[in-house]
Amino acid sequence: MKKLTEQIRKIENGFASVIIIALAAAPVLQIIARLLSRQAVPEYETLLRHLTLWIGLTSGMICTRENQHIKLGFDENLPDGHLKKAVNSAVRFTGASVSIGVAVAAVSFIIIGFSPDQRLWMIPVGIISCIIPVSFAFTGIRFFTASDKKQPILFTIAVLTGLFLALPSVLNLWYSTPFMPPEFLEVIQEGYYALFDKLDWLIVILIIVLTVFGLPIFVLLGGTAFILFAGSWSVPEVIPNEVYNLLTGSAIPAIPLFTLTGFILSEGKTGERLVNLFRAFIGRMPGGLAVMTVLVCAFFTTFTGASGVTILAMGGLLSFILIKSREYSEDFTKGLITSSGSIGLLFPPSLPIIMYGVQAQISIRDMFLAGIIPGVILVAALSVMAILHSRRYTKNNAEAAQAHHSIQEESRSISRLSALKGALGDLLLPVFILFCYFGGITTLVETGAVAVVYSFVLEFFIYRDLKVSNFNVIMKKSMPVIGGVLMILAMAKGLSYFIVDAEVPMMLTGFFSRHIQSPLVFLLLLNVVLLITGCLMDIFSAIMVVAPLIIPLGEMYGINPVQLGIIFLANLQLGYLTPPVGLNLFLASYAFETPLAKIYRGVIPFFLILLLMVLLITYVPWFSLALVPGV
């Protein structure tokens, strides 16, 4: 059994690697064909979208296998005993039930949702889309097989519960057979809907409680959508339909491509070269090493799109440099790195910016331009804070003053020209890809593919930091992140559909129009709500679920949709730092092996200064709109 599991693992990893290589190669071939005025890749758009569907769901299975789905994780704080075991069993049961329910609904969706005429390279799209039920079935099974405790009886009950959740889909499949009379089917279905009509919100509350104690966010979103659709007498096929629509969206391939770029850079020595460069140029100034930390974190977060990756990948190196310098206290160091972990989310080609543009149906190019000045403001705020701390710390501490003098001497010994030459390839990456995109040479997805090829050539052939054997490591680290993000987006799309279908945005608009006339009061309330949202939800699910609610409100108060997008993202990235459950706080506690209380203490000063900057960005539209043409 162990051998079989290992074989499946290798096949899965290899298959995912092949898909993402194809996803990067297809746009590059398209660019070359276009430049040579030759025939492009046959059925290019359809191919690209379905490659994204496959990489999203295959990497989602891998994410479950590795137990790396995004979750709040308060279960770690529960004392060992019967309560913790019961909570963990409830989490596995719920995750398996919801995943299997989606898998069953997906089978029905594929049968009724695709005609035989829909094909890709002569292959029916319905067959290609079978990855949806397969991936969710595997995901459901792995909630138990990935655990040390298999619990076969509980797993069997979870499977039956999943079938019950998808009962209308099961009956829809049976309805086409002669084995059950239609009258009996209708009675069962009416009882199913009547049950959830009474219990839907109670079950949703239970799911939310389980999310606090370790239920993955994607299960929260999918489970909530399932229950609410059942409670409103709707068909569950909507959920896999929205999964398909989201993962085959035109801009979505950019997400795995830019994420892969970030991991190629982080596995190479890009971080070390950037550290060396910034030390050479700004290391001798007060707070120079701290400013370096902010800039390096912003660089990596911009490409990975996930602040946690930056903290986990660069936190160890940066904290070692800062603490060893004796110029910064331990609390300051960990607070700075934790706060800088999401500081690059407003810079292009940030994935949250791409997703917001897709969800709000506004120009992604305008969103990229709008995020530059607010992003610089946040970086500048942390940098100034670092400089002031360094001056105060060295003034009151003789040892720190001596250490700063030593750092200045060491920085002077580093050749600026040599450091610049060493990091030139890394610095040119954002310049090159943004030139291609803003210059109209490449589309957004093609830009992502170019970024992958550029970083690959840079790390494997020019700097030779990586070898072929390192590619497996990159795949192993990047696939769970890609899968975790895309699974959240896919399931959030179903919940977002319910919210819009239930006319919740219209009801909110009516309430605000009756009770709040001032745009400034609305923005203040928006700040509060988004901080809480960013504290409790990851940024990707918040974009999918919450953005549809605030976009019509912004229109009602005359707020430019691009500015609203920057306000939305700036508040959510700050929510990562909001105690007690901001995601970055947990990740920093894990990365630095430090109690949460100590992380809180280090982060609070940075949180307050960033809060002031976010308010400034919110209430001064010029910062968001100055670079946007035609505004």
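**Close-up views of a predicted model**

**View 1. A cis peptide in a loop.** Pro349 sits in the loop between α15 (330-340) and α16 (351-360). The peptide bond joining Pro348 and Pro349 is cis. Its omega is about 5 degrees. Helices (H or I, at least four residues) and strands (E, at least two) are DSSP runs, numbered from the N terminus. The model is predicted: local features need pLDDT of at least 70, side-chain atom pairs count only at pLDDT 80 or more, and totals for chains, interfaces and linings use all residues. Residues are numbered from 1 along each chain as its sequence is written, and side-chain values use heavy atoms, with hydrogens and water left out.

**View 2. The whole protein, for orientation.** The protein has 29 helices and two strands. Its C-alpha trace spans about 85 × 60 × 55 Å along the principal axes. For 631 residues, a compact globule would have a radius of gyration near 25 Å, and the protein agrees at 25 Å. That radius is taken over C-alpha atoms, and the globule rule is 2.2 Å times the number of residues to the power 0.38. Of the 631 residues, 58% count as buried. Buried means under 20% relative accessible area, exposed over 50%, and partly exposed in between (1.4 Å probe, protein chains only). Among contacts between residues at least 6 apart in sequence, 81% join residues at least 24 apart. A contact means heavy atoms within 4.5 Å.

**View 3. Helices α26 and α28 side by side.** The axes of α26 (residues 561-575) and α28 (residues 596-619) come within 10 Å. They cross at roughly 170 degrees. That makes α26 roughly antiparallel to α28 (angles over 145 degrees count as roughly antiparallel). Axes are lines fitted to C-alpha atoms over the stretch in contact, with angles from 0 to 180 degrees between N-to-C directions. From α26, the contact uses Gln563, Ile566, Ile567, Ala570, Asn571, Gln573 and Leu574. From α28, Phe607, Leu610, Leu611, Val614, Ile617 and Thr618 take part. By class, the contact has nine nonpolar, four polar and no charged residues.

**View 4. Helix α10, largely enclosed.** Helix α10 covers residues 238-247. Eight of its ten residues are buried, so α10 is largely enclosed by the rest of the structure. The buried residues include Val238, Ile239, Pro240 and Glu242. Val243, Tyr244, Leu246 and Leu247 are buried too.

View 5. Asn67 is not a glycine, yet its phi is positive, at about 55 degrees. Asn67 lies in the loop between α2 (44-65) and α3 (82-113). With 54% relative accessibility, Asn67 counts as exposed. Met122, also not a glycine, has a positive phi of about 75 degrees. Met122 is in the loop between β1 (119-120) and β2 (123-124). At 66% relative accessibility, Met122 counts as exposed.

View 6. Asn584 belongs to helix α27 (residues 583-592). Its relative accessibility is 0%, so Asn584 counts as buried. Asn584 and Ser342 are 242 residues apart along the chain, with 8.2 Å between their C-alpha atoms. Asn470 belongs to helix α21 (residues 468-501). At 23% relative accessibility, Asn470 counts as partly exposed. Asn470 and Val212 are 258 residues apart in sequence. Their C-alpha atoms are 36 Å apart in space.

Definitions and conventions: Angles under 35 degrees count as roughly parallel, over 145 as roughly antiparallel, 65 to 115 as roughly perpendicular and the rest as oblique. Ala, Val, Leu, Ile, Met, Phe, Trp, Tyr, Cys and Pro count as nonpolar, Asp, Glu, Lys and Arg as charged, and the others, Gly among them, as polar.
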